[in-house]
Each structure stands twice: as structure tokens, then as C-alpha cells.
Amino acid sequence: MRGRSPDAVRRAIETNDPLPGGGGFAGEVDESLVRDVLGRYPLFSEEDDATTWSHDPTDLDVPDPVPAGHARTGEGDERLWDLPDPSPFEDEESAVSAVRTAIEGSLGAVSTDGLAVAFSGGVDSAVVGSAFDCPLYVAGYSGSHDVAAARTAADLMDRDLRVVEITHEDIERAVPEVGRAIGRTNAMDVQIALPLYLTAERARADGYERLAVGQGADELFGGYEKVARADHRVEAETVRGAARETIRTLSEQLPRDALTLRAAGVEPVAPLLDDRIVREALRLPGPMLVSDGVRKWTFRRAAREFVPDEIAMRDKKAVQYGSLVARELDRLARQAGYKRRMDDHVTKYVRSRLE
């Protein structure tokens with residue numbers, strides 16, 4: 001069992017508590033495979049044999065993910081927990097205070113042994129990096145948005161920044177390694193995983209065994225445009241509903257990130273996905289998620305306790321664009337003969353590298 005002890009998981013099952021503390025769990029307990037409600041750890045079994053399982057899909061012939069919040073036995077999958085739907089905060093100051101306290105508790109519980117921080121210069125990774133006296137790492141092509149943002153943020157925080165300058169040779173080498181590790185070849189997943197993989201690879205080469213990341217804040221606190229607009233990309237008609245819908249997608253995203261980091265030789269640490277923070281984020285009504293067009297409003301206000309205001313309020317590009325990996329992977333695909341007029345040409349290129 002990863003993340004929590006078997007006894008802690010048994011108590012969560014007995015009390016029907018979907019957020020029993022900590023940062024999630026996955027593994028075997030009492031002959032059942034169990035995965036926490038957000039799916040923070042990857043867990044797979046053979047498609048036709050629930051007794052053969054692993055946290056790494058490459059260990060299995062036909063890996064079948066255990067759904068978040070479920071138990072799996074030979075008789076099938078059973079839902080154990082649903083995402084809580086608590087009463088919302090009534091006033092903003094109480095919300096900011098509660099989120100701030102939850103962040104402090106989560107960060108304070110992280111051991112710094114062998115720890116480095118993946119740092120993009122945005123508010124999420126800056127809040128995480130603020131708590132630990134260890135190097136900050138950013139990966140991107142020369143001249144990329146992420147490298148520039150990380151440099152200015154590290155200067156504002158007076159911190160040591162180590163830049164991993166990505167090259168086309170790095171991408172060509174890493175594409176098949178990442179694709180095999182995550183068990184996915186679609187362009188979006190590979191584009192997101194590549195800079196994370198190269199960051200982790202460099203941190204491991206420098207002697208660090210664990211990498212702290214800012215994953216989860218966008219989903220928990222309303223960081224996406226589709227949430228702010230509650231537009232056609234979500235089924236919900238309210239900002240709060242759209243945020244909850246997006247939180248449920250974490251179970252698909254987090255295994256990709258964890259498998260990427262472990263393939264590079266480091267263990268992921270995600271303090272912003274601690275149950276304390278999740279509990280408070282679920283209490284935020286729409287106006288405290290998005291206010292006057294500013295996404296992650298309450299999180300940003302709470303972040304001012306940890307980072308300079310300039311960092312707390314700055315916008316950030318998605319990693320695949322901020323690092324320029326998406327643009328350059330597209331270029332490599334076209335150079336290999338996979339033209340844009342072809343359907344999903346980058347995915348076809350990725351698959352060709354794995355063959």
C-alpha cells in the first residue's frame with residue numbers, strides 16, 4: 001500500500017471517509033485493490049486477473065487502471081467513496097484563512113530529505129518552493145516563457161534556480177522513454193510529460209531522489225478558463241460545478257505525472273494535493289474560485305503569505321506551451337514527415353518512435 005498504512009485505509013473504508021488525511025493511497029488491503037477518491041497514486045491490475053497488479057503499468061501485459069474511489073476484487077469494481085460536497089464558505093476571509101492554514105500544514109508535513117522542487121515561476125510551484133531550502137529546477141527551450149518566468153520568480157524569492165535547457169536531441173531521446181513509461185502516445189500527454197521528465201532526470205543526476213511539484217492547484221481552485229466560463233468544455237453550468245468536474249479529472253492526469261517522474265528516477269511529492277487542502281478547496285463557492293476574471297482567487301490570496309504579491313497574482317502558461325515543448329515536438333514531427341494536414345500528426349510521430 002502506497003501513501004497510507006493498510007490500517008488507515010481500513011478505517012477510511014469503515015467510516016466512509018473519502019479524505020482521511022495525507023496525500024492519497026493505492027494498493028492492496030484485505031485481498032482488494034483500493035485507490036483513493038482522487039486517484040493520486042496509479043494502480044493497475046491485469047485486465048482479466050485482479051490478483052495480478054502493480055503501480056507500474058509496464059509490469060503488466062494488459063494493464064487496467066483501478067478507478068479512483070473504488071475497490072477491485074475478482075468479482076469486479078465497487079465504489080467506496082464519492083467526492084465530498086460540503087457546505088460552501090460564507091465569507092471570503094474565512095476561506096482565505098482556512099486555505100492558508102491547510103497549505104501551511106501540508107507543506108510542514110513534507111520531509112526535505114533528498115528533495116528538489118520543479119519550478120515554473122507560477123504561483124503553484126512558488127508556494128511549494130517557498131517552504132523548502134533546496135534547489136528549484138525549470139526545464140524549457142532557450143528563450144521560453146517558463147525559463148524567463150522561473151528566473152524572475154527565483155530572483156524575487158532569492159533562491160537558487162537550475163535551468164534545464166531542452167534541445168531537440170533531448171526530445172528525440174525522451175519521447176519513446178516517456179511514452180513507454182506512461183503507457184500513452186497521444187500528443188497532449190506526451191507534451192506535458194516531457195518537460196517534467198527532463199526536469200526530474202536532471203534533479204536525479206544532481207543527487208536528488210524526490211521532486212516536489214505544484215500539481216493539483218489548477219483543478220482544486222478554479223485555474224482553468226473552461227471553469228471560469230463554465231463553457232461548452234464542461235457539463236456543469238456553474239463555476240463551482242465546473243471546478244468539481246475538473247477535480248474528477250485528476251485521476252487521469254496524476255498517474256501520468258507520477259509514472260513520468262518515477263521513470264526518471266525520482267519520487268513525486270505533491271503537497272497541494274494533501275487532504276487538508278482538498279477539503280477546504282471543495283468548500284469554495286464560485287465567486288471565491290474566480291473573482292473579476294481572476295482565476296484561483298482564494299488560492300492566490302492565501303499564497304501571499306508564502307510568496308511575493310507579484311508571483312501570487314501572475315498568470316502562467318500550460319507547461320507544454322510555456323516550455324515550448326509542444327511547438328518543438330510539432331516541428332520534429334513535421335521534419336520526420338508527419339505533416340499538419342495529417343490527422344493528429346504529432347501522435348503519429350510519437351507512436352512511430354515507440355515502434
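Reader: What makes β4-β3-β5 the order of an open sheet of three strands?

Author: In this predicted model, the pairing along β4-β3-β5 is antiparallel. Strands count as paired if DSSP finds at least two bridges between them, and strands themselves are DSSP runs (E, at least two residues; helices are H or I, at least four), numbered from the N terminus. β3 (residues 44-46) and β4 have three bridges, so they meet the cut-off of at least two. One of the bridges joins E46 to D49 in β4.

Reader: What makes β8 (residues 115-118) a strand with both faces covered?

Author: Buried means under 20% relative accessible area, with exposed over 50% and partly exposed in between (1.4 Å probe, protein chains only). L115 and V117 on one side are buried, as are A116 and A118 on the other.

Reader: How do you know that β8 pairs with β11 (residues 210-212) and with β9 (residues 136-140)?

Author: β8 and β11 run parallel and share three bridges, with A116 partnered by L211. β8 and β9 are joined in the parallel sense by two bridges, and Y137 in β9 stands opposite A118.

Reader: Why is the unit of β8, helix α3 (residues 123-130) and β9 called right-handed?

Author: The name applies because, with the strands pointing away from the viewer, the path from the first strand over the helix to the second runs clockwise. β8, α3 and β9 form such a β-α-β unit.

Reader: What limits apply to the model and the numbering?

Author: Local features need pLDDT of at least 70 and side-chain atom pairs 80 or more, while totals for chains, interfaces and linings use all residues. Residues are numbered from 1 along each chain as its sequence is written, and side-chain values use heavy atoms, without hydrogens and water.
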